[in-house]
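Hi everyone, thanks for coming.

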Amino acid sequence: MQDPNADTEWNDILRKKGILPSKEKPKEQEEAVEEQEQQRLQQKSVVKTYEDMTLEELEENEDEFNEEDEQAIKMYRQQRIAEWKATLIKNKFGEMLEISGQDYVQEVTKAGKGIWVILHLYKQGIPLCTLINQHLSGLARKFPDVKFIKAISTTCIPNYPDRNLPTIFIYFEGDIKVQFVGPLVFGGMNLTRDELEWKISESGAIKTDLEENPRKQIKDQLISSVRSSVPTRRNSDSEDD
């Protein structure tokens, strides 16, 4: 009679059909498989652990990782450092700065590669200048990767006429790209922060989350209001009768 535990092609077929029971693995082989599985789980746990660690924690626990994880940890550390540097650059500013004419070259002309600068020339006692400074302070917090600065007009440009205030200059890498001069371009004291944000975003300096120009909504509402207040021809004829 053929040995049911023998490694033959026929016995393999019978095992697959369920006629013969599965061949029992030697105890040593089972132990080896179990050890491999345990190592795999440990490695998986280590990977999960270092992915959750800060750079400081990686340094502190470096001796606990085995050689197989060192390369992965090295790459992960480089990735974390790059992300950290990117965050620092992105959140470099975040507030409105006051400068004088002496600071202009350093803060504007030499602002740096890839840096947008929004410069507001203003003068105290002009209400629209005060309003725009308030709006720009809020935008500086919203867009911390853009440099927002303000300066009293005559400290940057001697004898700069008050009729040109407020004035906003927008620079990229030290070169002027857009300028908004005088109260008319801002629409007066009804200017909202969203309207100013949209106006600046059209220069490319900031990436707004507004879906459309807020001033367009006001215009549409105004046109609708005017139309509703004007009598139609039919109503006019009826009144004449």
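The count here comes to 4 aromatic pairs, where rings of Phe, Tyr and Trp (its six-membered ring) pair if their centres lie within 6.5 Å, with planes under 30 degrees apart called stacked, over 60 edge-to-face and the rest tilted. One of them is edge-to-face: Tyr104 with Tyr171, at 6.2 Å centre to centre and 75° between the planes. That pair links distant parts of the chain, 67 residues apart, with Tyr104 in helix H5 (residues 104-109) and Tyr171 in strand E4 (residues 167-172). Helices (H or I, at least four residues) and strands (E, at least two) are DSSP runs, numbered from the N terminus.

A quick word on provenance: this is a predicted model, where local features need pLDDT of at least 70, side-chain atom pairs count only at pLDDT 80 or more, and totals for chains, interfaces and linings use all residues. Residues are numbered from 1 along each chain as its sequence is written, and side-chain values use heavy atoms, leaving out hydrogens and water.

Back to our tyrosines: are they buried or exposed? Tyr171 is buried at 5% relative accessible area, while Tyr104 is partly exposed at 25%; buried means under 20%, exposed over 50%, partly exposed in between (1.4 Å probe, protein chains only). Tyr104 and Tyr171 also share one aromatic cluster with Phe169.

Next, Trp116 and Phe172 form a tilted pair, because their ring centres are 4.6 Å apart and their planes sit at 40°. Here strand E2 (residues 116-122) supplies Trp116 and strand E4 supplies Phe172, 56 residues apart.
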